[in-house]
Structures are given as C-alpha cells and as structure tokens.
Amino acid sequence: MFLINCPFCGEREQSEFKAGGEAHIVRPKQPTELSDDQWAEYLFMRKNIKGIQFERWNHIHGCRKWFNMVRDTSNDEIKAVYKMGEKPPVK
Amino acid sequence: MTKNLRVKSSKLVDETYRISFKFNGTTYYGFKGDTLASALLANNIHLVGRSFKYHRPRGIMTAGSEEPNAIVQLHNGTSRTEPNVRATEIEIYEGLVASSQNCWPSVKFDIGGINNFLSPLLPAGFYYKTFMWPASFWEKYEYFIRKSAGLGKSPEVPDPDIYEHKYIHCDVLIIGAGISGIIAAKTAAKNGFKTLLVEEKSYLGGSTIYQDSEFFKINNQSTASWLEKEINEIKKIENLEIKTRTSVAAFHGYNFLLARENLIDHLPLEQRENKTRQKLLKIRAKKVITATGSIERPLIFDNNDRPGILLSSAVKKYADLFGVACGEKNILFTNNDSAYETAISLIQKGIKVQAIIDNREEVDSKLIKETEKNNIKIYKGYTIVDTFGYKRINSVSIMKLSQDGQKVIGSKENISCDSLGISGGWTPAVHLFTQSGGKLKFRNDDQVFIPNTYPSNQISIGSCNGDFTLDEILMNALKLLKEFLNIKKTEYENIELYSAFNKSKRNIWLLPSNKIVGKTKSFVDFQNDATAKDIKLALREGFRSIEHVKRYTTTGMGTDQGKLGNMHALGIISETASSKMGELGTTTFRPPYTPLTFGTIVGRNVGKYFDIIRKTPIHEWHVKNKAEFENVGQWKRAWYYPQNGENMHQAVQRESKAARDSAGILDASTLGKIDIQGTDASEFLNRVYTNAWSKLEIGKCRYGLMLNEDGMVYDDGVTTRLDENHYIMTTTTGGAATVLNKMEDYLQTEWPELDVYLTSVTDHYATISICGPNSKKIIQKVIPEIDLSDKDFPHMSFKNSKIGKMKCRVMRISFTGEQSYEINIQANYAKSVWENCMEAGKEFNITPYGTETMHLLRAEKGFIIVGQDTDATMTPIDLQMDWIVSKKKFDFIGKRSLYRSDTIREDRKQLVGLITDNPKEILEEGAQIVADINKTPIEMLGHVTSSYFSPNLNKSIALGVIKGGKNMMGQKLIIPMEKKLINVTVTDPVFLDKENKRLNA
C-alpha cells in the first residue's frame, strides 16, 4: 500500500486516496468543432505504460483536493506529486 | 504399542506440567510447551493424515510453519473448529481435540487409499484430461469431484471468537527472532530507533537457541548460552517491543506489512472467554529488517513420503528443544553437513543413529569426524533408492551413486529403521522479500535464490539472505546493519566466532534410482501429491513456463504453498528442459505466508458492523410504524408499511391509491443535497446539466439531467435557485457522493477559473414530501403563514418559511405526478415536523408510503429512475427526453457525444411504455422482449426495466427499452417466459395525466 505525499496534507495512507486515471489530458475548449475521431481520442484513448506514468489522484477521504503524481508503474515508485496546473517536476 | 519417546527434559518443555489432549478419539499426554506434533511424536505417533490425491499415509515432516503433511482439524463439530491447522505450530493445551483430515473411515484404514493403486490412471492434469467431454456430463462429474476434494471441513456455525485490527508505526521492524533478528533488534533499539521484533513461534532465538555443542561457539561459549543472555538483555530495552506468536502474512510496497498476532490459541478453552483471539497488525515501518531464516530442503527419491520420514533439522529440533526422539532406530540421509549436526545432537541425548547416508564422497569435516568417532556407519557417495513400510517406515534400500550423480551402480543394500531424517541443504525464506517486490538472483555455488534488489527501505540478514554458517551470518549481518542504520559500530565488534560446519554440498534435484522415473513415486509436493514423474510428464506435454507447470501439476498449490518442494520442481524442470535455473524464474510468492483465518481478516467488521448503516432522522418513526426497509446504498429506506397482515403487493396498492385519492407522505431525506454557491454558480450548472439554467428565476425549481462525457445519463434531480448566486441541487440517493466528486473534479481540474463552492448537505436537511389532492390543505395546517395559492406558489417553485420558530424551505415539486410539496427542515427537527404532518393529515387519511409506492407512482407518470430504467448506455435521446437537451448551449458535459456516429443510430435501445394484452398480467423486470419467435436465433429487441400493477389505472403497466422503440408505437411484441408467451403493445411511457392537470390542480 502506497504512502502518498498529498501536496496539501503531507504523507497519508493510500486508502485515503482515489486514483483518477491519466493526467494532463485537457478537455477540448470547443468540443463541437472536433471530428468523431478527435473527440474519441480525448474521450477513450488512455496510455497504459510500464514505466513512468503521469496520473491524477484525489485525496478523497482527506482534503478532497485533486493533484498529479508521477509514478513508475514497474515498481510503484512515486517519483513526485504536484498540484493541478503545475508542470511535472520530472520528465 | 504406545511408547514414551521422551528422552531428556528440555528448556521449552515443562515436565512438571502434564497436559491431556485427544487425537482421533484417543487421549494422550504431553507437557506444557509441546506442540501437537512433538506430543504425538513423544507418544510414538507419526501417522497423522492422508495425502490429498492418493490418500497415502503421511506423518509429521517438519517442526515449523512449512509443514505440508501434519495438518489437522481442531475441535471438529464445534463452533471453534478450524481446518488445516499445522500440528507443528499448535501448542497443546488442556482439552485440545484434534483429528486427521482427508481420510474415511479413519486415518489407519482409508478407503480413498485405493487411489494409490490407481495412480497410473491419475496423471498430472487428470481432471483436465478426463472430464472434458461430453460437456453436458460436467455437472455429474463435479458432484463427485467436489465430494472428494478439499482437506479440512469448514465450520458450520458463526465463529464465537473476537478478532481485532491494530495499526502500528515503528522506525524499524524486524521479522524473525533468530540470532540475526536478535542482534538486529538490540542494535536498532540501542541506537534510538523505535523497534518492533516479531516472531512466529512462542519463544525467541530460532534454531540457535538449542544449538548446544562444542562445534559452534560465540565468545567461547556455546551459541545457545550466549544467545540466551542476549535475549534476556533485549527484553529490558524500553524502545523495543517484542511480539511472539506473531506471523507476518504479507509484505506490501512502501513497507506496509500485515501480521497476525495469536493471543489465546495456546490457552485452555475455558480461559479464552471474552479475550481477543487474534489481532491483525497493520504495520507501517520506516525500515524493515527481514530475518526469516531458511527452510531445510527434502531430498527427492522413490517413496520419500512415508510416515517416519522427517527433515533432519526437525529430528534435531524435536530432540534438542522438546526432548523427543522421532524413533529408536534413526537413519539420516543428507547431501551436506546439516545431518551431522543432527547426529551429534541425537548421540548427546542417547538416541540411536543406525547409519548416515551421504550423497557426497569423502569430505573433510569436523562434524563427520566426530560422528565417526561414535561408531556410526556412514555410507559416503550413496543414495536411498527406495523405502518400505506402509504406515511407518521400517527400512530403506541404498545404492552407490555414479560419479556424475545421474545413475546408481553396484548392488542394493537394505537397512532397517523406524525414522529417517533427510537433508537436502537449505532454502532461504525469501517469500516476504519477494512479496514486497524484491528481485532474486540465483547463486550457482549452492543452488539458492537470494535477495538481489530491494524495492523499499529494507534489508535481509541471516540465512534468508543466503548466509548459512555462524560466522558468515553474524559478520554479514553486522556489516549490513551498520550501513542500513547508518551507525559506526555495534557492540559486537570484537565478537569471536567458531563454526565447525563445512559448506560443501552435492546438489542432485532428483536422485537417481534403479527403477525408471515412470515407476517411482518421488514426491516433490507432499501435500498435493505432485511427483517428479508428473513434472516430467508436464514438460513432455509441452509446458515450459514454471507458472504453467505449477498449475498443471498442482505443485506448490497446497496450504503450505510448496515451501519444501518448489525449488526441486524448478530444479527438475531445469534439468529436464536443459535450461538454466536462474533464467527459469520462480513461481510468484503471494500473501499470506501462512494461512489466515477469515476472522482475522475481517476483524470487528462483522454482523451489524459489517458496513455503515445510514438512517434518516425519521427512521425511528418508520420502525415504530412497522415499515419494511430496503437498502439503498448504505441507507435504510422505508419500503412499504404493511397493515393488518398485508403482503407487499397489497400494501403498495393501498398506499398508491391513497396518494392519488387524498394524500401520501414520503421520507425523501436520503436524496443527495448539494449546496452550490458562488458568482459562477449559474454558469457551472449550465455546464453540468443538459438544459439551460441562466434564466431560472430566484425562487424557481428546475429538473436537470446530468450526463457523463460519453453522453450517457449519469444522474438527475431538481435544483432550486435560492438566491442570485445560491442553488441547492438534489441528486439520486445512490448518486449523491459520486455526483459531488464528479463536479469537484471538473471544478478543480477543468474549470478552476469558475467561482463556485460545493458543499454536501445531505445529512443536514431532512426532506418530507406530501403529495395528493389534499396535500395543499395539510401543508397549510402545518405552516399557516405560507401563501399556497397556485398563483403565488405554482408548480416548480420554492419558498422560505417557518414552522414555529424553525426555518424551513418548501418546494412545490413532484416525482409522482400529483400536486406535491417538499418540506426541507434541519435534520434534528424532522421527526417532530413529520409527526405534525401526520397529525394535520389525519382528517385526510394521510398515508405514509415507501420507496416501492414511490416507484409505482412515478412509473404511472413515465418518470425514469436513473439506474433502473437507464444503465450506462442510455442517452437522453434514447430516453425520449430530447426536450431537456439544450440546442442553444455552446457546451455541457457530454454534449459532443450526443452526435457521435454511434449515439445517433436510429436503432439504439429506446425507452417506451409497455401494456400487456391481459391487464392483470404483470411483467417481470429484466424479461426479454422479442418480435418474432419463429425465426431462430430469436432476435432480442430489449428488456423490461420497470413493471407494476397500477391501482389507479387498474391495469398492468411497464417501461422497457427496445431497439428502435421510438418508431414502434402501437406495435405488438412478445415477452417469452419460461412457461408462456406474454403479448404486449408498445405505448408512450406516460400512462397517466399526460396533460399535467393533477400537478397544477
């Protein structure tokens, strides 16, 4: 079970958090102008990486804030956490 | 033939404290400190069970948690019965009742033993191969397979014991209190770390605590007496907590571990009342030191499973620690020096050693020399090729090994015995290490897997790290500890060590025999009866991956998870398939290390504490008025209120009629309520709902439909504009939390620029809904000051008001199609307001109704229930609710998906009404709807989603979803049931009051 360093609360047990899928997928500003394929790309397509992955997490049983995480899925190492809107601190 | 094989009093066993226990119906005696296994052995009992597949007689094989054979049922037929308990772990207590498993009628005469003679017919993958066809016979096969499968019996009554969970945080956790664990604990604690030491056994010191000979010394003392002083010292250290009888079950990532602490299993039953039986410890440690030791390997030869055959280390332990001889004529069979340690212990205690058979040729070893001094015959370069004795070993035959170890040569020789100790070297117990994500490497010299890379802040020390001699263990452990704890020196800097152990080993995974492999039974997995022959067969049949061979042969799949034989399985695969050991990998070690009881896993979350129960503030009234309840999520909702012996149907018919004829009252407090404030609140609602919200006047209510981004209906409810920048949203009961989370997600991540704040107020307000032609009169009586005239307070509007001094919100909204008002009141006043309403409504026969009547009434009106009439594949268009989808709005969640090629298909399933030709026929919800039953395969057009008998229309009504249903009005369809066909006509989903006269009356 992970020990997650919430950017607002500090280290907490994984059971306080909810995973929210891939990070940095921006909702299109003008969905109506997109083709079916472009909209499908936004709506359905997600990466499933073995290695460094950027994820959204929510401290749902804590401060309820969403934030981002960089995690190596091959060994579950959490490389960094950062607030929504911030640039990832690792590449 | 009961004999006493107690040889000498020992440290662990208190011979002044005699304990009686029952095994298979006979009373025996042991001493305090005995395990069931040691007590049985002292009574000369080896035969304790039957093997899983062939029902072969099996005896105690080990002295620890790795035991494959000696698993017993405790207290059979009582509430405290427990199956598959290892006799080697259970400490005896007065009143213990144990019995053998997997045998009938008795362990001594077992009918299933015939499988042993049928074994040529029961190869690896027998079930897969035999029960393939005809497929229709599977049910018959399954009946017999189920009957003969399984080991112990599960309890049939609730567990009376108490279990708990406990969180522990520490700086350093040490797993295993052998010599490495003890020095690690002392070093960590003395350097200021908050330390926890856990040990699965009842005593500290591991195998060193009974290593009492001149061949192993620390600071010129016997290792046992040196370690005893250390143990006495660490017990006094304040920041060191020691837990015995505590077994680590799981080692997860980020140093999170689960351990089971056994508190009362060693106490007589009458001393256990009201005490916690086991605790599940949830440990988060900054640093973990694994010192779990190693497990002795068996040797794989023909008939290596007879009762009386034990690991050589177990023979030593029973003698040294429990003072018990495993036999009067012992033979030891080894490929390394360990068996000589056993021999020396047995000699010290006056137990006869007949002979030692050693795979190795001449080895220069002090231990061998000492053994030879005692005139014990040692057969060097020999192997056992067969054993004899059905229920107890009585002799072995041996032959000389060829130079390369692949064949036997020369003539056979027989030696009689009543016990055989076998040693195939040692396997580091790396189970926990690999569970944590650690990667192993294979060490060719002595053919062991050892820890290589650590995924978290942890180390392995001692023999679980591949160090097997006293000097290696301590020197490496101290070096690793200093690095790991970042300390300059330990108090063991000048320690003097002496070990006579010679590390040489002759590793042969499958020992050769004078018979061909197909004619031998060389067991690799003792519990599951997987033999070397089975593994070779699996390889011939094309299996290569170790994970596949494991499942096909069931090697390592018993309750012991193959702690003894997994390495040999790998070895045999590697030799047979000519692949390298290190490259084959290992099977995956999964938690728990040893089985856990369900009680420990669930802890206190049983019975009424199983899940949270949410009750409305009016709940007690419903209980008093005999409501039946329905679970909606965690909520208890009043379902219906049966009167005078009514069944559900009768009660619902009465309630529904009353609600439309006069007045009904519903507790709607469970509906989700979200308070929405901020200057952008209107814009926010525009984006989350499909319809437009900017022009909603203050004091008005509007129904909204919420979609997922994929265009599918997610939730619905009425939202009221309380003020310019203040709304209150209602959601479905089940959707309250997810709707709030979803809206928070969009606010925080997609639209952070919006000035909007969301607060859940579901529990803060109770909602009382009164509907029916007399609802207005009742509300007027309860709230005299409010103007309820249709002009001043029309449908879909709201007013602030007061009941006495209590502020309340009144909404005129309706889920039933009747004129209807909802009073929202601070939760703690709700019950008294409800009672006011009941009192005021008495003259109008106000009738409380539950969720079932609510569902019926809304179905009459054609209102959907999200989650019942919809699943995650229904768009608002599919629901024929085009009117609620704004065409003008630039965007809202899900808008773009409403005109994807798939969502605009005309033949999607669409919501329609269904009327049965026979008005008394009530459809089954979920029933399939078809058009043509003559053309096979019959095309399924859709299914029934809601179905009721409407007392107000006096006929059966239903809602359903049908492919292209929108354009099928008036069409006749068929609902095929098991014994009949029901004819239905497709209609509009609104059955009652299409003109909304009742709403506005």
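**Salt bridges, a sheet and an interface**

B:Lys799 has a relative accessibility of 18% and therefore counts as buried; the term buried applies under 20% relative accessible area, exposed applies over 50%, and partly exposed covers what lies in between (1.4 Å probe, protein chains only). The model is predicted, with local features needing pLDDT of at least 70 and side-chain atom pairs counting only at pLDDT 80 or more, while totals for chains, interfaces and linings use all residues. Residues are numbered from 1 along each chain as its sequence is written, chains are lettered from A and ligands numbered from 1 in the order in which they are written, and side-chain values use heavy atoms, with hydrogens and water left out.

The side chain of B:Lys799 meets that of B:Asp792 in a salt bridge, at 2.3 Å from N to O. A salt bridge here is a side-chain nitrogen of Lys or Arg within 4 Å of a carboxyl oxygen of Asp or Glu. B:Asp792 is partly exposed, at a relative accessible area of 40%. Elsewhere, B:Lys186, B:Lys190, B:Glu230, B:Glu233 and B:Glu491 are joined into one network by salt bridges that share partners. Over all chains, the rule gives 69 salt bridges.

B:Lys657 and B:Asp661 form a salt bridge at 3.2 Å, N to O. They are four residues apart in helix H18 (residues 648–661) of chain B, and therefore separated by about one helical turn. Helices (H or I, at least four residues) and strands (E, at least two) are DSSP runs, numbered from the N terminus. B:Lys657 is partly exposed at 37%, and B:Asp661 is partly exposed at 47%. In the other pair, the closest N and O atoms of B:Glu164 and B:Arg604 are 3.1 Å apart in a salt bridge. This pair links distant parts of the chain, 440 residues apart: B:Glu164 is in strand E8 (residues 162–175) of chain B, and B:Arg604 is in the loop between helix H16 (598–602) and helix H17 (619–624) of chain B.

Chain B also holds an open sheet of five strands, in the order E17-E24-E18-E19-E20, with parallel pairing. Two strands pair if DSSP finds at least two bridges between them. Strands E17 (309–311) and E20 (377–380) of chain B stand at the edges with a single partner strand each, so one side of each has no neighbour in the sheet. From one strand to the next the twist averages 20 degrees. Strands E18 (residues 330–334) and E24 (residues 419–423) of chain B pair over five bridges, and B:Thr334 has B:Ser423 as its bridge partner in E24(B).

The last part is the interface. In chain A, 28 residues are in contact (heavy atoms within 4.5 Å) with 27 residues of chain B. The size of an interface is often given as the accessible area lost when the parts come together. Between chain A and chain B the buried area is about 2,400 Å², with 48% from carbon and sulfur atoms; buried area is the accessible area (1.4 Å probe) that two parts lose on being put together, summed over both. Five salt bridges cross this interface. One of chain B's partners there is B:Asp891, which forms a salt bridge with A:Arg27 with the closest N and O atoms 2.8 Å apart.

Key. Axes fitted to C-alpha atoms, helices over the stretch in contact; angles between N-to-C directions.
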